[in-house]
Amino acid sequence: MSAGKILSTDSITMKFGGLTAVSELSLDIYAGEIIGLIGPNGAGKTTAFNMITGVYEPTKGKIYFKGQDITGMRPDLITKAGISRTFQNIRLFNSMTVLENVMISKHVRLKANPLDAVLRLPRYIKARREHYEECMELLRQVELDDVAHEMAAALPYGKQRRLEIARALATQPSLLLLDEPAAGMNPQESLELMDFIRQIREQFNLTILMIEHHMEVVMGICERITVLDYGVTIAQGTPTEIQNNPRVIEAYLGAVESNA
Amino acid sequence: MDGRKNIKIALNIATLLVTAVFLYWGDSVLSPFQKRILNLAAIFVILGASMNLVVGFTGMFSLGHSGFMCVGAYTAAILTMSPESKELIYYMEPIVPWLKNIEWPIIPATIMGGIIAAVFGILVGFPALRLRDDYLAIATLGFAEIIRIIVTNTISITNGALGLKNIPSEKSLLFYWSFCIITIIILKNLINSSWGYAFKAIRDNEIAAEAMGVSVFKHKMLSFTIGAFFAGIAGALMAFLITSIDPTMFRFLFTFQILLIVVLGGMGSLTGSVIAGIIITIAMEWLRFVERPMTILGMDIPGIPGMRMVIFAILLLVVVLFYRQGLMGTKEFNWDWLLDKLGLARNRERGIS
């Protein structure tokens, strides 16, 4: 893990007509950290993700990734630059198998053109075989290799979540954004997920930014936390600082105390 | 696994050989009428399969197929007609000099028909593919009409509403079905390739595909252009089959007929498009009797032209309402399935192409 700023957002603002979804959000994330982004529903967390990954262009402000300005870049180019994400509502390619879902990420790196593929030239076959091996290896690492040839839609919920993370990892990101990875999980599954996130951080040398509502997950895993409320950053700090911050407690109407 | 692979290669070669022999034999035995219907079936299979690539596999609801077909047909016709017949036919306005003395053989002209249609595909796709769903359907439908109207009005190139006659005729099964089989092989290889999966990823979830690094617009353009190319090829073949074309042939109704093949066969199944293409073409001929005057229960019913299309429209409704996945759904024919049915030992390991 090398030190150094990997992502920084310079007071980014997103306005939808009269509504300010995110206002002046400034985040600094250093390589190797796990950062939490929390806040009540509608606080603008997913909007912040969408700005970082290029789905929305911020109304104001700049986003820098590894020192490069990525504000308003196309989502696919941002992925290529090294930011990958999962979605709050699972978005798998349902008509494909688990392996095929993961292999999509390699398509971008394929050094061949469609004509090579149609004629099945050795160049294409070779590249494809390499990608196949890489993806099978990745599935082994995340323990999905036994279902590699199952349809993605047929997987149980927990495994679909895991596949989404695996698919994001296959793009070889250095920054991984997880949008509510523990949504709909029971306490046991949440614990497993925390272990899994720690494990992939070590294994793939990742920096992780996550949105999460499960306080035990956020407090247990994140090194620093940013709290949003109605688009405004109301607190930033370590889990302990956040738990004792009166403004946070107010925003959650005391929910943090009873949960944590 | 290797054993299976060899069996499959052998089966593929055997199928191609049997088909070749059948086509060769058919060319000498079948009546001109039967051959004409089979050739028409080949053209409809190309049209169905190429539209399926765009609509079924990439999930773009495009209704511009007849427009690209029109471009292909006119390109091929103008390139192959003899200078004498051009002089004879273009009596409203003479043909532009740079096209007057061109007389290509039909195979390069067919391919050129595809290429020019693909160029139109790029021109139409560039603005239209920024749209989605119904909006895309309306826009492509509009573009197809625009193409048809341009063809109607550029009289010194296309001879306008009078159409073209005396296009060189080609009748052999081998010619049309060779194009058809090559098209199917190309599309099958494309769909089973990395690009095919990217198309399907866009169809399944555009936002996720983009988050995986797939450039959505580029891939949509690619799929759309390839679709237009094969529509152009089919248009060129159509010109050689019926030897006279005019702009009214390529109205929206034609796209509807192709859409029927795609939906009936199954959106996302090439096998389905092949089967449905053949069935619809043959049914289209067979159903001609409903347009003739007839007597039902002592009542005299005059012949109603267009009655066949009513039947097909009802068929489309029934499929969409009760049997949405069509004949094949998204399944494809493959030898594994057939060999399993025949009870041969199955090796579970699967590769990816």
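**View 1. Helix α1 of chain A, where the buried residues are Lys45(A), Thr47(A), Ala48(A), Phe49(A), Asn50(A), Met51(A) and Ile52(A).** This is a predicted model, in which local features need pLDDT of at least 70 and side-chain atom pairs count only at pLDDT 80 or more, while totals for chains, interfaces and linings use all residues. Residues are numbered from 1 along each chain as its sequence is written, and chains are lettered from A and ligands numbered from 1 in the order in which they are written. "Buried" means that 20 or more other C-beta atoms lie within 10 Å of a residue's own; 12 or fewer makes it exposed, anything in between is partly exposed, and the C-beta atoms are placed from the backbone. A helix here is a DSSP run of H or I with at least four residues, a strand is a run of E with at least two, and both are numbered from the N terminus. Helix α1 of chain A covers residues 45-52, and seven of its eight residues are buried, so the rest of the structure largely encloses it. After α1(A) comes Gly54(A), with a positive phi near 85 degrees.

**View 2. Asp10(A), a residue in strand β1 of chain A.** The strand runs over residues 5-16. Asp10(A) counts as partly exposed because it has 17 C-beta neighbours inside 10 Å. Leave out residues up to four places away in sequence, and Asp10(A) touches Ser26(A), Gly61(A) and Lys62(A). Touching, or being in contact, means that two C-beta atoms, placed from the backbone, lie within 7 Å. Now look across to Leu27(A): it is 17 residues from Asp10(A) along the chain, yet their C-alpha atoms are separated by 7.2 Å.

**View 3. Leu193(A), a residue in helix α7 of chain A.** Leu193(A) counts as buried because it has 22 C-beta neighbours inside 10 Å. Setting aside neighbours within four places in sequence, its contacts are Pro181(A), Ala182(A), Met185(A) and Val217(A). Gly158(A) is 35 residues away from Leu193(A) in sequence and 9.4 Å away in space, C-alpha to C-alpha.

**View 4. The two domains of chain A, domain 1 (1-82 + 173-260) and domain 2 (91-171).** These bounds come from an automatic or database domain assignment. Taken over C-alpha atoms, the domain centres are 27 Å apart. Where they meet, domain 1 puts in 11 residues and domain 2 puts in nine. On the domain 1 side, α2 (75-81) and α7 (187-204) of chain A are the elements that give two or more residues, and α7(A) gives the most, with four. Sorted by class, that side has six nonpolar, three polar and two charged residues. For these classes, Ala, Val, Leu, Ile, Met, Phe, Trp, Tyr, Cys and Pro are nonpolar, Asp, Glu, Lys and Arg are charged, and the others, Gly among them, are polar.

**View 5. The place where chain B touches chain A, with 24 residues from chain B and 29 residues from chain A.** On the chain B side, α9 (173-191), α10 (194-204) and α11 (206-211) each supply at least two residues. The biggest giver is α10(B), with seven residues. This side of chain B has 13 nonpolar, seven polar and four charged residues.

**View 6. The largest nonpolar core, with 163 residues.** A nonpolar core is a set of buried Ala, Val, Leu, Ile, Met, Phe, Trp, Tyr and Cys residues joined through C-beta atoms within 7 Å. Those with the most contacts inside it are Ala166(A), Ile43(B), Ile46(B), Ala73(B), Ala77(B) and Ala234(B). Helix α2 (residues 32-57) of chain B gives the most, with 14 residues. The core also draws at least three residues from each of domain 1 and domain 2 of chain A.

**View 7. Chain B and its end stretch, residues 347-353, where the pLDDT is below 50.** pLDDT is the predictor's confidence in each residue, from 0 to 100. Chain B has a mean pLDDT of 89, and 96% of its residues reach 70 or more. Where pLDDT is low, the predicted coordinates should not be read in detail.
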